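Hi,

Here is the structure I promised to pass on to you. Have a look at it first, and then read my notes on the aromatic residues below.

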Amino acid sequence: MKRVLLLCTVLLWMPFYGQDEAKESQDPELIGQIIITEELYVLCEKLGDTYHIRYSDASLSQATCLQSFTVKEGNREFEKFYRSIVEGHPTVPCRGSKVSLTTGEIWLEFTKSEGIVSVRFLQNMGLQDVSYSPWLTKKEIMNLLGKGPNKTKSNASS
C-alpha cells in the first residue's frame, strides 16, 4: 500500500516539475543593449538558437514604436549577419545593403561622420512604410551582439 501511495504521489508531481523546468528555459538571455535615450534603444536577446533584436523606431518622432527581427544561429546566419555589419559596405555612405535572413530581409544603411562609421537597421513595413533603428557605431554593434568587451552599454551617460 505504501508503494502505491508513493507511486501515485510521484506521478502526480511529475507534470508540475516538468512545467517549471520548461518555463525557466524559455526566459531569453540578454546579449546586449544600447540605450541612447529613454525612447531610443536597441536590445538583443537570445532564446534557444534564435537572436531576437528589438529596437525603438527612430522614424517616428513622437510615439515610441517597437520593431523587431530575428536571426537564427543555424547555417551560420548569425555570423553572416554580424560580418555584413562589421565589414560594412565599400562605399560609405551607403543607402541600403540587403541582408537575407530566414525570417525576412533586413537592410543596413551606413554613414560616416568625423571618421566614425555608423549603421542602422531598416525594415520595410509595407505600403512604403520603413522603420529605422537608431544609428549605432560598430563598437556598439559589437556590444549589442555580444562580441565586444562590454555586454551592455548605455549612451545616455555620455
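A residue counts as buried when its relative accessible area is under 20%. By that definition, both Phe 69 and Phe 121 are buried. Please keep in mind that this is a predicted model.

Phe 69 has a relative accessible area of 6%, so Phe 69 is on the buried side of the cut-off. Phe 81, at 0% relative accessibility, counts as buried too.

Now to the core. The largest nonpolar core has 25 residues, and those touching the most other members are Ile 53, Phe 69, Phe 81, Phe 121, Leu 144 and Leu 145. Helix 2 (residues 77-86) supplies the largest share of this core, with four residues.

What about the rings? The count comes to five aromatic pairs. The ring centres of Phe 69 and Phe 81 are 5.8 Å apart with planes at 70 degrees, so this pair is edge-to-face. The pair links strand 4 (residues 66-72), which holds Phe 69, to helix 2, which holds Phe 81, twelve residues apart. For Phe 69 and Phe 121, the centres are 5.2 Å apart and the planes at 75 degrees, so that pair is edge-to-face as well. Here Phe 121 lies in strand 7 (residues 116-126), 52 residues from Phe 69. Ring pairs join Tyr 55, Phe 69, Phe 81 and Phe 121 into a cluster.

One last item: the charged end of Lys 147 sits over the ring of Tyr 82, 5.1 Å from its centre.

Best wishes

Key. Residues numbered from 1 in each chain as written. Predicted model: local features only at pLDDT ≥ 70, side-chain atom pairs only at ≥ 80, totals over all residues. Heavy atoms only, no water. Core = buried A, V, L, I, M, F, W, Y, C linked by side-chain atoms within 4.5 Å. Buried < 20%, exposed > 50% of the residue type's maximum accessible area, 1.4 Å probe, protein only. Helix = DSSP H or I, 4+ residues; strand = E, 2+ residues; numbered from the N terminus. Phe/Tyr/Trp six-rings, centres within 6.5 Å; stacked < 30°, edge-to-face > 60°. Lys NZ or Arg CZ within 6 Å of the ring centre and 35° of its normal.
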